[in-house]
Amino acid sequence: MVEYKDFYKGFKLISVKNAKDLEVTLSSFGASFRSIKLHGKELTLTPLDPVEFIKGYQGKTIGRTSGRIENATYTLNGRVANLFKNSNGLDNNHGAMAGFNSKLFSSEVYEGKDYTDVVFRYFSPDMDGGYPEDVFVKITYRIYENENKIDILMDGETDKIALLNMTNHVFLNLNGNLCEPIYNHELYINADTYGRVNERTIVEAWEHDECFDFTKPMRVGEHINDERVQKNTRGYDHPFYLNHRGKNKLAASLYSPLSGIRLEVRTTYPAVVVYTNNWADSSMKVLENRYDMNQLAICLECQYVPNSINTTPAEAGVFSKDKPFHEEICFEFKD
């Protein structure tokens, strides 16, 4: 079942409810999740106020690049990208003011027997936000009718050679209706190493550390207050390099013992950035009776390793006219 609703200043909400009582509400602004509900339980954190929603990253498609680009610059195919420096006045984060989270996408809906596709499109012109080359972006949310599963298909085309590193920045709380912070969530990540970050949240080394070892399910709150986790980030805000990637490989899982809801994540991307809502705005309402707070949500951002265009460009999201961009993220909820 598909429903449409005007939301704010020309952009609309599209709600898809399947036969298993999963209801997904999407926004054409930022090609984003506005809400994910299972059996009526809200599993995401987004601002109630539409103005705050527009300003933020919650639930949005992030691009052209995700995470921080060191010194807000890179060189590709002989062209230098000079990006906005919106992180400490030094680096670019999430595309800055020209990021996809701030763009109004066109939308189309295709209803089928087994799934419904909600397709968002956006044209990013040459030097949009400092990024070289024209890029055509398509984000498809595929909501399955008889499985509580959402596929996010991310596509890009260009006439030359360009860079994309898109992700979805959905803020999750599987406790339902944000009744408790995410300390009790049990997190598994199929990754032996994590990226230690410096004071600018730029990866400076790959390490193994018990505070970051989620190869066996561990409570998010187990080590979150450890100095090694708190240093520079006030919680988890680190990339994890996956041991395996692909739609048939489990990249990560998240489980709430309070609600009994489990999320399984699979992706074709090589990394997952874990972010635990470390810089919350306590004046922002996220439910009628709930204001935002640190660690009220967790993000599992499937993407290329941030800043890899400057470190390992062969694994950074470079694509071309002859090799279009295509990556996939799958969220499957179980209870």
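Let's start with a network of salt bridges: D209, E210, D226 and R228 are linked in one. Keep in mind, everyone, that this is a predicted model. How accessible are the two partners? E210 is exposed, at a relative accessible area of 51%, and R228 is partly exposed, at 39%.

Searching the whole structure gives 21 salt bridges, so let me show you two others. In helix 1 (residues 50-55), E52 and K55 are 3 residues apart, about one turn of the helix. Their side chains form a salt bridge at 3.5 Å, N to O. Here E52 is partly exposed, with a relative accessible area of 25%, and K55 is exposed, with 57%.

Now for R142 and D117, whose side chains meet at 2.8 Å, N to O. R142 is in strand 13 and D117 is in strand 12 (residues 115-124), so the pair connects parts 25 residues apart in sequence. Buried or exposed, these two? Both R142 and D117 are buried.

The largest one has 63 residues, and F33, I139, I150 and F333 touch the most other members. Strand 13 (residues 135-144) supplies the largest share of this core, 5 residues. Thanks, all!

Technical notes:
Residues are numbered from 1 along each chain as its sequence is written. This is a predicted model: local features need pLDDT of at least 70, side-chain atom pairs count only at pLDDT 80 or more; totals for chains, interfaces and linings use all residues. Side-chain values use heavy atoms; hydrogens and water are left out. A nonpolar core is a set of buried Ala, Val, Leu, Ile, Met, Phe, Trp, Tyr and Cys residues joined through side-chain atoms within 4.5 Å. Buried means under 20% relative accessible area, exposed over 50%, partly exposed in between (1.4 Å probe, protein chains only). Helices (H or I, at least four residues) and strands (E, at least two) are DSSP runs, numbered from the N terminus. A salt bridge is a side-chain nitrogen of Lys or Arg within 4 Å of a carboxyl oxygen of Asp or Glu.
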